[in-house]
Amino acid sequence: METRLISIGHGNILAANRIVAIISPDSAPVKRIVQESRERGTLIDATYGRRTRAVVITDSGHVVLSAVQPETLANRYAARDAGEDPSE
């Protein structure tokens with residue numbers, strides 16, 4: 001099985017096959033997930049100090065914060081499935 005990668009912004013990359021969900025950070029339940037992950041030490045902040053626009057949940061239980069819109073990440077993920085080059 002080939003590991004495909006997806007860019008989550010600012011030079012950061014995730015293994016696409018490990019992504020469970022890409023969600024918006026605006027709701028209270030998502031904010032609670034982020035806070036609990038921070039307390040457990042499983043939060044990865046890949047925003048480089050910018051505003052968090054997407055929260056990525058992985059199958060390992062890690063929570064990744066991204067400064068890229070969830071729709072953009074979903075499009076990159078879909079392009080990965082279609083075998084296209086999302087950077088074009």
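Contact here means heavy atoms within 4.5 Å. This is a predicted model, in which local features need pLDDT of at least 70 and side-chain atom pairs count only at pLDDT 80 or more, whereas totals for chains, interfaces and linings use all residues. Residues are numbered from 1 along each chain as its sequence is written, and side-chain values use heavy atoms, with hydrogens and water left out.

**View 1. Overall fold of the chain.** Two helices and six strands make up the secondary structure (DSSP runs, H or I of at least four residues for helices and E of at least two for strands, numbered from the N terminus), and along the sequence they follow the pattern β-β-β-α-β-β-β-α. The radius of gyration, taken over C-alpha atoms, is 13 Å, close to the 12 Å that the globule rule (2.2 Å times the number of residues to the power 0.38) gives for 88 residues, so the chain is as compact as a globular protein of that length.

View 2. Of the contacts with a separation of 6 or more, 48% are accounted for by residues 24 or more positions apart. Among the 88 residues, 33% count as buried (under 20% relative accessible area, with a 1.4 Å probe and protein chains only).

View 3. Ser7 has Ile13 in strand 2 as its bridge partner. Two residues lie between the strands of this hairpin, and His10 in the turn has a positive phi of about 55 degrees.

Methods
Two strands pair if DSSP finds at least two bridges between them. Buried means under 20% relative accessible area, exposed over 50%, partly exposed in between (1.4 Å probe, protein chains only).
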